[in-house]
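Please keep the sequence and the structure in view while reading.

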Amino acid sequence: MKGKMESGVFDLAEMKKVGMIQQKQKEYFALRLRAVGGNLKPDQFRKIADIAEKYGDGSIHITTRQGIEIHNVFHTDLEKAREELGEYGLKMGACGPRVRIVVACPGSATCRWGSIETKAISNYLDKKYFGTDTPHKFKMSVTGCPHNCAKASENDIGVMGGILPKWTEDKCIDCNLCVNVCPTDAIERVEGKYILNIPKCINCSICTSSCPVDSWVPEKKGYILHIGGTMGKIPRIASRLTGVVEDIETLKELIDLSIEYYRENGRKKERFGHMIDRIGLETVKKEIMNGTETSKINKS
Ligand code: SF4
Ligand code: SF4
Ligand code: SF4
């Protein structure tokens with residue numbers, strides 16, 4: 001690591017790149033670890049506890065984005081701590097103007113509402129983009145369904161699982177349950193038939209999960225891509241770039257194009273969402289979508 005730690009003058013920008021964050025007690029640092037999608041193994045947790053006791057003051061902080069930080073590490077112990085953590089496959093997080101740790105919910109692996117498997121996607125995103133430079137900080141999350149537990153709408157890139165439902169008449173017992181449970185009133189009963197109002201549908205799968213006779217079934221299942229969400233000083237809820245995209249390769253291509261677009265057009269210290277507001281949402285959407293085969297993308 002670069003940085004003149006011995007003399008007490010720190011190269012803080014370089015240190016931020018490898019997850020070493022200076023505390024207000026200037027000779028002490030927080031070590032930010034990289035738990036991709038919030039996943040760690042039991043032996044890694046034990047090692048984190050050991051290192052916190054050996055090099056810190058025993059305190060461990062869990063961040064709002066599933067990160068784990070070991071606090072109060074004296075600057076001369078940073079490299080030793082990092083090395084020992086590395087022996088257990090524990091990598092460092094990042095800070096500053098670059099891609100941060102990917103956050104994820106458990107997804108379809110264990111959650112009854114999950115429409116997508118979240119672990120493989122978050123690992124893919126981490127491997128491809130983590131630590132790469134962007135105009136400002138850049139955060140990504142993968143959330144298994146529109147319940148949005150991993151807050152896709154608060155991230156620069158938010159991948160959300162979802163379905164597009166379809167009604168089949170033959171099995172329906174006309175109980176009206178789907179109308180009552182739909183959170184957006186997207187289902188209407190018209191002359192004995194149940195009609196989906198697609199623009200109102202948020203792809204949540206409550207109807208397909210609730211219908212007692214499987215009259216509502218997923219016609220499409222896949223990923224909904226959100227761009228430009230952020231919290232912080234000037235919060236902005238992410239914009240939906242697509243409807244349900246069934247093909248993962250198309251999703252990956254769109255994420256690539258979105259990040260590329262931000263790198264080319266974002267100003268220094270301008271978040272992705274604020275760049276979108278400056279340029280105009282419709283223009284940004286069009287320009288990103290023009291880079292892919294839009295015929296593959298379901299807009300619903
Ligand atoms: S977002 Fe959906 S899939 Fe993920 S934990 Fe929440 S309810 Fe489950
Ligand atoms: S919940 Fe199922 S069975 Fe009941 S009205 Fe809706 S589609 Fe028909
Ligand atoms: S998927 Fe959700 S929003 Fe869409 S119709 Fe079904 S319950 Fe309503």
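Predicted model: local features only at pLDDT ≥ 70, side-chain atom pairs only at ≥ 80, totals over all residues.

Contact between them involves 7 residues of domain 1 and 9 residues of domain 2. On the domain 1 side, the touching residues comprise 4 polar, 2 charged and 1 nonpolar.

An open sheet is built from 5 strands in the order 5-6-7-10-11, with mixed pairing. Its edges are strand 5 (103-104) and strand 11 (239-240), each of which pairs on one side only. Strand 11 is joined to strand 10 (residues 216-227) in the antiparallel sense over 2 bridges; within this part of the sheet, His-226 has Arg-240 of strand 11 as its bridge partner. Helix 4 (residues 119-129) packs on the sheet and touches strand 5, strand 6 (140-143) and strand 7 (157-167). The direction of helix 4 makes about 165 degrees with that of strand 6.

The ligand shells remain to be described. Around ligand 2 there are 14 residues, of which Cys-172, Cys-175, Cys-178, Cys-211 and Ser-215 come nearest. By class, the shell of ligand 2 holds 11 nonpolar, 2 polar and 1 charged residues. Ligand 3 is surrounded by 14 residues, the closest being Cys-182, Cys-201, Cys-204, Ile-206 and Cys-207. The shell of ligand 3 consists of 11 nonpolar and 3 polar residues, with no charged residue.

Technical notes:
Residues numbered from 1 in each chain as written. Chains lettered and ligands numbered in written order. Near = placed C-beta within 6 Å. Nonpolar A, V, L, I, M, F, W, Y, C, P; charged D, E, K, R; others polar. Contact = placed C-beta atoms within 7 Å. Pairing = 2+ DSSP bridges. Helix = DSSP H or I, 4+ residues; strand = E, 2+ residues; numbered from the N terminus. Axes fitted to C-alpha atoms, helices over the stretch in contact; angles between N-to-C directions.
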